[in-house]
Amino acid sequence: MTNAIDRRRFNCILLSAPALGVAGYLPASARDFIEPPYLKDQIEAKRLPPLQERIPVKPRVIDLERMGRKPGRYGGQIRMLMGDPKDVRMVVVYGYARLVGYDENLNLVPDILENFEVEDGRIFTLRIRPGHRWSDGHPFTAEDFRYFWEDIANNEKLSLTGPPAEMLVDGKPPVFEVLDECTVRYTWPAPNPAFIPALAGALPLYIYAPSHYLKQFHVKYAHPAELELKVTSARVRDWTSLHERMGRMYRPQNPDLPCLDAWCLSTAPPSTRFVFKRNPYFHRIDTEGRQLPYADEIILNIGSSALVAAQTATGEADLQARYIRFDDYTFLKSAEKRGGFNVELWGRGEGSRMALLPNLNAEDPVWRKLWRDVRVRRALSLAIDRREINQAIFYGLGRESANTMLPQSPLHRLEYQTAWTRFDLDQANKLLDEAGLAKRDWDGIRYLPDGRRAELVVETAGESTEQADVLALIRDNWLKIGIKIYTRPTQRDLFRKRVYAGSVVMSVWSGLDNALATPDMSPHELAPTGQAQLQWPKWGQHYEEKGAVGEPPDLPEVRRLLELYLAWRQSRSTAERAVIWHEMLKIHADQVFTIGTVNGTRQPVVVSKRLVNVPEEGIWAFDPGGYFGRYLPDTFWFRDTAE
Amino acid sequence: MLLYIFRRILIMIPTLLLTSALVFTIMELPPGDYFESYMAELQAQGEGVDKARIEFLKKEYGFDKSPVERYFIWLGGLLQGDLGYSFEYQMPVSELVGSRIFLTVLVSFATILLTWLIAFPIGIYSATHQYSWGDYGLTFLGLMGIAVPNFLLALILMYFANVWFGTSIGHLMAPEYLGQPMSWAKFKSILEHMWIPVIVIGLAGTASMIRKIRANLLDELQKQYTITAKAKGLHPFKALVKYPLRSSLNFFVGGIGGILPEIVSGAEIVAIVLSLETTGPLLIKALQSQDMYLAGSFLMFLALLTVIGVLISDIALAFLDPRIRLQGRSTR
Amino acid sequence: MTSMLLPPPGSPLEHYVSEKPFDPKSIDRLSAAQERIYLASQWRLMWWKFKRHRVAVVSGIFLGILYISILFCELLAPYHYQSRHIDHIYSPPQRVHLFHEGQLIGPFVYGQKYSLNMETLKRQYEPDRSVVHPIRFFCRGDPYNFWGIFESDVHLFCPAENGTLFLLGTDRLGRDVLSRIIYGARVSLTIGLIGVAISFMLGLIFGGLAGYYGGIIDLVIQRIIEVLQSLPTIPLWLALAAIMPVTWSPMVVYFAITVILGLIDWTGLARAVRSKLLSLREEDYVLAAQLMGASPVRIIGRHLVPGFMSHLIASATLAIPSMILGETALSFLGLGLRPPITSWGVLLTEAQNINIVALYPWLLTPAIPVILVVLAFNFLGDGLRDAADPYK
């Protein structure tokens with residue numbers, strides 16, 4: 001933590017700050033700044049400057065009353081339970097301090113950045129808040145962006161595959177300029193609509209790094225002998241490993257690494273209890289003169305994921321949704337009084353809780369040909385009794401729907417949601433008859449064109465009993481249209497490999513990861529862009545590996561999807577993108593490439609009775625918004641704090 | 001005698017080498033590697049994957065080399081005392097295991113103590129009062145220990161401990177003491193939590209120990225010298241403890257070999273269910289996620305302990321029982 | 001004493017002469033009772049000693065009944081193990097009554113009223129005392145495929161028409177727990193037998209070779225045993241199960257699991273066999289057999305093994321419960337059998353959940369047959385071993 005506050009370095013402040021100083025940016029209701037009692041000792045010992053000097057000149061003001069919430073008080077520790085040491089990344093995800101972020105209404109709002117401008121879709125000018133500092137007091141400037149761009153992204157040893165994919169347009173990097181201490185500009189030859197959404201992602205695209213701290217680990221800046229010493233004492237291979245390990249921001253491991261999040265790691269691994277302490281230089285304040293976050297600490301207790309529900313029920317967590325399943329709701333509800341919490345039911349953000357994915361790249365030639373017939377896909381979708389699934393498994397709280405956008409997305413249309421989702425066995429039988437499967441065996445199972453019975457193995461990753469239960473219900477209905485399925489649960493990574501190789505005819509997975517999309521978000525899930533898409537792994541791989549492996553799509557509709565995706569990547573305006581999105585969604589609704597069942601199912605969220613400002617209803621999704629992130633956890637406060 | 005010890009130590013080396021090859025093969029056999037399972041896990045949760053970082057890590061840990069090369073690199077590291085690096089926890093294996101060893105040994109010792117304390121009196125009573133109702137009753141209780149599937153018992157006990165005594169669920173201590181230096185309050189919390197795993201694990205071992213004591217003691221009690229001693233009027237307690245019991249403790253010494261690795265790895269399943277901070281769950285998680293070095297090095301460590309333990313028990317046995325020393329050679 | 005005065009020298013001695021005819025074999029002749037004992041074969045002796053151990057006999061009968069019932073589980077279970085009742089999810093056990101409003105009707109259960117509490121999302125079942133569902137016997141119920149040979153739907157007892165009979169409640173899909181336990185017995189009880197058979201054979205072979213020949217063979221086998229024993233069992237299971245190809249059908253997986261369990265478990269038996277053989281081979285009868293030219297296999301099989309057959313039987317009987325428990329442990333780790341195969345281990349794994357312990361404890365009842373079977377096998381094994389013990 002530095003004591004010296006070198007305001008002379010901020011040319012941009014002297015040019016732009018009015019004579020009133022920082023206080024001029026506060027609404028009239030706040031007369032004075034209120035210091036967090038947690039930092040009182042440090043402030044009195046002069047190790048920390050007073051609040052006015054810790055926040056940027058123009059901090060981000062969160063107007064809680066306008067959002068329908070209550071301004072809070074300082075104090076308290078938010079305890080959370082996790083199942084894995086890798087889950088420390090959840091604090092960065094939940095904290096959701098990004099250059100640009102999504103708000104509650106899915107609008108892109110500058111967060112760390114003061115503002116940003118996009119010209120012609122390809123020239124991005126980013127302006128940092130003057131006076132913004134890292135958590136150790138050192139100024140956050142354009143130098144941190146330059147360090148990342150020149151010394152990390154373009155350093156062959158640190159970035160083996162070159163700069164991140166979202167920063168390349170047609171494989172070309174941008175022209176990076178530092179306009180002044182607080183402004184940087186990225187210029188691409190063609191539009192790069194994926195850039196800003198990537199900055200706002202739950203797993204963000206980091207284009208900055210704490211240069212003042214990391215330079216000691218970089219071969220270009222550090223004293224060679226000292227660097228050698230550091231490398232050997234950390235027992236790593238060379239300076240790149242050291243730099244990578246020490247500079248990891250998403251899954252923090254280094255308590256000394258400066259951060260810009262609301263809470264910064266203070267416990268060194270290994271540990272089963274990680275404490276994240278408030279960042280004294282955090283850039284958000286509320287309208288009453290308090291600096292966010294309200295809560296002083298976040299505590300992660302790492303144990304076994306199977307025990308999280310039991311531990312939550314005894315009141316060991318103040319805010320918990322991860323590792324809590326819908327099944328646990330009844331048990332948690334019955335323990336509400338004893339544990340001192342409320343159980344809210346948020347909605348989940350997937351396009352479908354469980355989707356059946358016919359593998360268009362299956363090795364089996366008969367099934368591969370059948371899957372290309374849209375009538376077969378539609379018939380299978382028509383033969384699913386979504387209402388029964390919703391009632392039996394989700395207590396009727398879900399929404400019967402195809403694998404598409406949720407109603408909360410601006411791209412949602414009723415026709416997408418209801419496409420081929422009514423339960424109509426007659427129509428399904430008719431479609432299958434038309435598709436050439438009219439002959440049936442003695443027990444009603446149809447014959448495939450090559451004489452085999454229509455029996456297929458549906459593979460799952462074997463993790464959730466929910467999937468097995470839904471499949472049991474689907475199985476009975478599909479028998480009535482003459483298709484017999486066998487469920488085979490596998491192990492997760494084995495399952496994926498088999499699908500990629502084409503050994504699996506139909507797999508089961510969750511639907512669209514991002515069903516809350518706005519036109520400005522990338523539609524990569526709707527086109528064959530990655531091997532991880534289980535309905536067309538080889539086509540996706542073909543795109544991903546730039547044609548080196550895999551196969552190009554051979555269905556005209558899929559080719560069209562790919563074209564549309566590429567068009568999106570070159571689009572210039574939101575209107576243009578909306579048109580592209582709707583065409584892609586329409587193709588999916590029509591073609592039923594993935595068979596959705598039920599979406600909008602519930603996610604129990606356990607909130608301590610003492611914790612205020614947590615919305616009673618929300619959408620639980622990783623992207624967009626980082627689970628709790630969009631709802632601003634730094635504004636959650638405890639009603640019984642000492643302040 | 002020394003020659004015997006020397007020969008045994010010499011044989012230990014190829015045994016360990018063979019074990020290391022076996023362990024490595026076992027680690028390599030399941031398809032895929034740690035990074036693939038890591039990516040699959042993230043995808044299962046609907047989260048993004050930073051592919052560039054994964055490529056970087058793969059190269060750093062030498063996954064671009066062939067398995068044979070990696071085996072020798074690992075073996076070389078082991079011989080120098082470097083147990084390797086854990087991908088999951090991102091830190092050296094020795095640090096990781098070391099941080100949990102104390103609690104593991106504590107729980108194991110407590111368990112062994114409990115097992116002996118219960119098994120001995122029951123075994124002796126059973127042997128001396130054979131076929132009585134007491135014998136049946138106590139054997140029944142002991143057998144319950146192995147009959148009940150211990151993961152279920154652990155879960156049930158844990159739940160009821162919370163409902164009746166307010167003990168926090170899982171772990172070896174209440175959450176606020178995790179990672180804190182040892183204090184009286186922390187120690188009390190550990191004791192509060194420790195009785196569940198100790199009972200669940202201990203009960204399982206009790207039954208087999210009761211049976212062994214009973215069987216061996218019965219054998220000794222039939223022998224001539226016991227009957228002679230009784231006939232000559234030796235006090236029954238002495239006639240029991242001083243001679244037959246000591247002879248029947250042979251199997252104890254033989255069992256020491258197995259105890260050493262047990263202490264260090266400890267009942268894995270119960271530790272997983274109760275989310276204990278011992279080394280057992282570490283090992284299982286490492287095997288499931290194919291965290292190569294953590295799993296492989298730890299297994300080798302356990303193998304080493306076993307071999308040493310067997311050696312110790314053989315030597316001790318040879319010391320105590322002259323019959324073993326003198327026999328056991330090959331025949332014609 | 002006065003009558004025992006010595007006669008005067010030279011005169012004949014008075015002595016008693018028996019009138020009965022002379023039978024040189026009189027000593028050899030046995031009374032009926034003695035004959036039974038002395039001429040009894042080894043097995044018969046064992047049986048008599050075994051009968052003395054009452055608990056072991058009871059255990060044996062219990063296990064016998066269980067194993068026979070495996071053949072007929074389709075008949076015995078009121079429902080098919082996969083039949084779902086969406087309207088009766090998580091239904092608690094129904095009690096069997098005999099008297100309804102003071103009248104003896106015969107065994108019956110009351111109907112159930114179902115309501116869903118939307119606040120807590122808890123399904124609530126209330127017995128409806130106005131609806132009586134008498135239990136039918138030798139009735140027609142869920143259809144099933146008997147051993148894959150023919151279809152039938154006759155059950156020993158089943159619910160009334162339009163009624164339910166959930167004696168142990170239902171699970172999350174509305175499947176009857178009692179029926180699933182009965183079907184589960186089929187897999188759980190037999191999986192142990194095959195595994196034990198395998199480990200038995202391996203233990204005999206390796207232990208026999210090591211014990212009989214000694215020397216290098218003994219050394220090598222000892223080291224192999226050491227290597228296998230030094231690897232903790234659970235990691236070994238994990239590793240072996242992970243390499244099983246996914247394409248195998250559940251049945252094949254089932255056999256593979258038993259083979260795995262057997263492969264790992266033989267070391268204990270081998271050690272015991274080896275030590276016994278090491279001591280027994282010094283006996284004279286072995287020497288005699290060798291001098292008469294018997295092959296080593298014959299010597300081991302015909303002469304040595306019967307000497308400690310008792311110990312073998314006892315070990316085998318005691319190994320079966322550990323196989324059963326091993327199967328439950330494997331299922332717990334997610335390695336063993338999986339749905340749709342039903343075994344007690346699978347049922348217990350599905351119940352391994354704090355929700356179940358707190359809210360639906362009847363799903364834990366599969367633990368009871370596991371406990372009973374393990375206990376029964378243990379007592380049986382104890383009884384057998386005591387019976388076969390030659391020193392008593």
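What percentage of the 392 residues in chain C is made up of buried residues? In this predicted model, buried residues account for 38% of the chain. Chain C contains 14 helices and five strands. The radius of gyration of chain C is 31 Å, whereas a compact globule of 392 residues would have one near 21 Å. The C-alpha trace of chain C extends over about 120 × 65 × 40 Å along its principal axes. Among the contacts in chain C with a separation of 6 or more, 71% are formed by residues 24 or more positions apart.

Chain C also touches chain B, in a contact that draws 38 residues from chain B and 36 residues from chain C. On the chain B side, the elements that supply two or more residues are helices H1 (2–28), H6 (133–147), H7 (150–165), H11 (250–265), H12 (268–274), H13 (279–289) and H14 (292–320). By residue class, this side of chain B comprises 27 nonpolar, nine polar and two charged residues.

In chain A, strand E12 (residues 297–302) is mostly covered, with five of its six residues buried. Strand E2 (residues 77–82) of chain A runs parallel to E12(A) and is joined to it by six bridges. Strand E10 (residues 273–278) of chain A pairs with E12(A) in the antiparallel sense, over five bridges. Asn301(A) of E12(A) is the bridge partner of Leu81(A) and also of Arg273(A).

Notes. Residues are numbered from 1 along each chain as its sequence is written. Chains are lettered from A and ligands numbered from 1 in the order in which they are written. This is a predicted model: local features need pLDDT of at least 70, side-chain atom pairs count only at pLDDT 80 or more; totals for chains, interfaces and linings use all residues. Two residues are in contact if their C-beta atoms, placed from the backbone, lie within 7 Å. Helices (H or I, at least four residues) and strands (E, at least two) are DSSP runs, numbered from the N terminus. Ala, Val, Leu, Ile, Met, Phe, Trp, Tyr, Cys and Pro count as nonpolar, Asp, Glu, Lys and Arg as charged, and the others, Gly among them, as polar. The radius of gyration is taken over C-alpha atoms; the globule rule is 2.2 Å times the number of residues to the power 0.38. A residue is buried if 20 or more other C-beta atoms lie within 10 Å of its own, exposed if 12 or fewer, and partly exposed in between; C-beta atoms are placed from the backbone. Two strands pair if DSSP finds at least two bridges between them.
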